[in-house]
Amino acid sequence: TCLIDDISRTGARLRIKQPLAGRQSAILAFHELQLFSRVLWCRGAECGLQFDSPLDPEDMQGMLWITENRTLYDRICNEAHALEWTEGLGER
């Protein structure tokens with residue numbers, strides 16, 4: 001679990017609960033994105049990641065939209081899960 005304090009196409013600065021070892025591989029999961037990365041540094045409750053591949057501008061815009069519209073995003077996700085469940089597509 002983490003909070004994204006800053007993000008660019010090539011990396012992110014995160015606030016974390018548990019320190020990470022430098023140079024280890026990591027996956028930053030956000031919505032449907034899985035960003036493969038490497039931990040560049042870790043100081044206390046912050047760390048810096050470098051993505052293996054640059055983030056697409058469309059994905060960055062999507063992340064920004066979700067962040068700015070969190071309540072609406074949560075409602076959309078909940079409604080989609082409810083619909084999947086009623087149609088028998090939910091987890092079993």
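Reply: Valine 39 has leucine 49 as its bridge partner in S5. Leucine 49 is also the bridge partner of alanine 12. This is a predicted model, where local features need pLDDT of at least 70, side-chain atom pairs count only at pLDDT 80 or more, and totals for chains, interfaces and linings use all residues. Residues are numbered from 1 along each chain as its sequence is written, and side-chain values use heavy atoms, with hydrogens and water left out.

Now the strands themselves. Strands (E, at least two residues) are DSSP runs, numbered from the N terminus. Two strands pair if DSSP finds at least two bridges between them. Strand S4 (residues 33–43) runs antiparallel to S5, and 6 bridges join them. The two form a hairpin, with 2 residues between them. Glycine 44 sits in that turn and has a positive phi of about 60°. On to strand S2 (residues 11–16): 5 bridges join S2 to strand S5 (residues 46–51), again antiparallel.

Now the whole sheet. It is open, has 5 strands and pairs antiparallel, in the order S1-S2-S5-S4-S3. Strand S1 (2–7) and strand S3 (25–30) stand at the edges. Each has a single partner strand, so one side of each is left without a neighbour in the sheet. From one strand to the next, the twist averages 40°. For these angles, axes are lines fitted to C-alpha atoms, for helices over the stretch in contact, and values run from 0 to 180 degrees between N-to-C directions.

Technical notes
Helices (H or I, at least four residues) and strands (E, at least two) are DSSP runs, numbered from the N terminus.
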